[in-house]
Amino acid sequence: MVQSPTTIGDDVVMGPDVMIFTNSLSFFSTQVPMIEQGYTKPAGVIIGDDVMISSRSIILPGTKIGKGVVIAAGSVVRGKIPDYSIVMGNPAKVVGRRNHPEDN
Ligand SMILES: CC(C)(COP(=O)(O)OP(=O)(O)OC[C@H]1O[C@@H](n2cnc3c(N)ncnc32)[C@H](O)[C@@H]1OP(=O)(O)O)[C@@H](O)C(=O)NCCC(=O)NCCS
């Protein structure tokens, strides 16, 4: 299996059982058992600096997580996650933004 690189920034913290995937099993053909179809083209994952990935979260191929993001426990994350956002759920949605009075 060819693995696309995953980039993990500085000061990233992860809880237990976090899973990061950069490809999936292919299921294009209905004529060939999926176990024989190999893998999809790898799509790397990028995780910015100072990100918190809580326990049992799953990061799907091609995900880009911005700087300072908080990912709640058990989230399934895909796509582009904006800097300093708070995301949760399956599929993970942005529910808020980290903010501190000194930021304003
Ligand atoms: C992300 C987190 C820090 C948010 O904590 P918080 O700000 O105290 O949030 P609250 O408990 O007040 O919940 C706020 C809302 O988010 C929802 N929520 C919180 N955590 C959630 C999760 N993991 N998945 C889905 N929804 C969640 C709550 O149901 C609540 O929704 P409501 O406003 O509709 O009632 C916390 O939920 C979490 O996931 N902590 C990580 C625990 C962990 O994995 N620790 C190991 C070390 S990282």
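Which backbone oxygen does the side chain of Gln37 reach? The side chain of Gln37 comes to 2.7 Å from the backbone oxygen of Ser29, a polar contact in the sense used here (a pair of N or O atoms within 3.5 Å; within protein, one must be able to donate a hydrogen and the other to accept it, and residues adjacent in sequence count only if both atoms are side-chain atoms). The structure shown is a predicted model, in which local features need pLDDT of at least 70 and side-chain atom pairs count only at pLDDT 80 or more, while totals for chains, interfaces and linings use all residues. Residues are numbered from 1 along each chain as its sequence is written, and side-chain values use heavy atoms, with hydrogens and water left out.

Gln37 sits in the loop between strand 3 (19–20) and strand 4 (46–47); here strands (E, at least two residues) are DSSP runs, numbered from the N terminus. With a relative accessible area of 18%, Gln37 is buried, given that buried means under 20% relative accessible area, exposed over 50%, and partly exposed in between (1.4 Å probe, protein chains only). Apart from neighbours within four places in sequence, Gln37 is in contact with Ser26, Phe27, Phe28, Ser29 and Val32, where contact means heavy atoms within 4.5 Å. One of these, Ser26, is eleven residues away along the chain, yet the C-alpha atoms of Gln37 and Ser26 are separated by 5.6 Å. A polar atom of the Gln37 side chain also lies 3.1 Å from the backbone nitrogen of Phe28.

Four strands form an open sheet in the order 1-4-7-10, with parallel pairing; two strands pair if DSSP finds at least two bridges between them. At the edges are strand 1 (7–8) and strand 10 (80–81), each of which pairs on one side only. Strand 7 (residues 64–65) runs parallel to strand 10, and two bridges join them. Within this pairing, Ile65 has Ile81 of strand 10 as its bridge partner.

Strand 11 (residues 85–88) has partners of its own. Strand 8 (residues 70–71) pairs with strand 11 in the parallel sense over two bridges, and Ile71 stands opposite Val87 of strand 11. With strand 12 (residues 93–97), strand 11 pairs in the antiparallel sense over four bridges; there, Ile86 has Gly96 in strand 12 as its bridge partner. In a regular strand the side chains alternate between the two faces of the sheet. In strand 11, Ser85 and Val87 make up the covered face, whereas Ile86 and Met88 make up the uncovered one.

Strands 11 and 12 form a hairpin with four residues between them, and Gly89 in the turn has a positive phi of about 100°. Pro91 is found in the loop between these two strands, and the peptide bond joining Asn90 and Pro91 is cis, with omega of about -5°. Most residues other than glycine have a negative phi, and most peptide bonds are trans. Asp11 has a positive phi of about 60° and lies in the loop between strand 1 and strand 2 (13–14). Asp11 is exposed, with a relative accessible area of 65%. Tyr84 likewise has a positive phi of about 60°, and its place is in the loop between strand 10 and strand 11. Tyr84 counts as partly exposed at 28% relative accessibility.

Finally, the ligand. Around the ligand are Ser54, Ser55, Ala72, Ala73 and Met88, each with a heavy atom within 4 Å of it. By class, this shell holds three nonpolar, two polar and no charged residues; Ala, Val, Leu, Ile, Met, Phe, Trp, Tyr, Cys and Pro count as nonpolar, Asp, Glu, Lys and Arg as charged, and the others, Gly among them, as polar. A ligand oxygen atom is 2.6 Å from an N or O atom in the side chain of Ser55, and a ligand nitrogen atom is 2.8 Å from a polar backbone atom of Ala73. On its own the ligand has 920 Å² of accessible area, of which the protein covers 33%; accessible areas come from the Shrake-Rupley method with a 1.4 Å probe, and for residues, only the protein chains shown count as cover.
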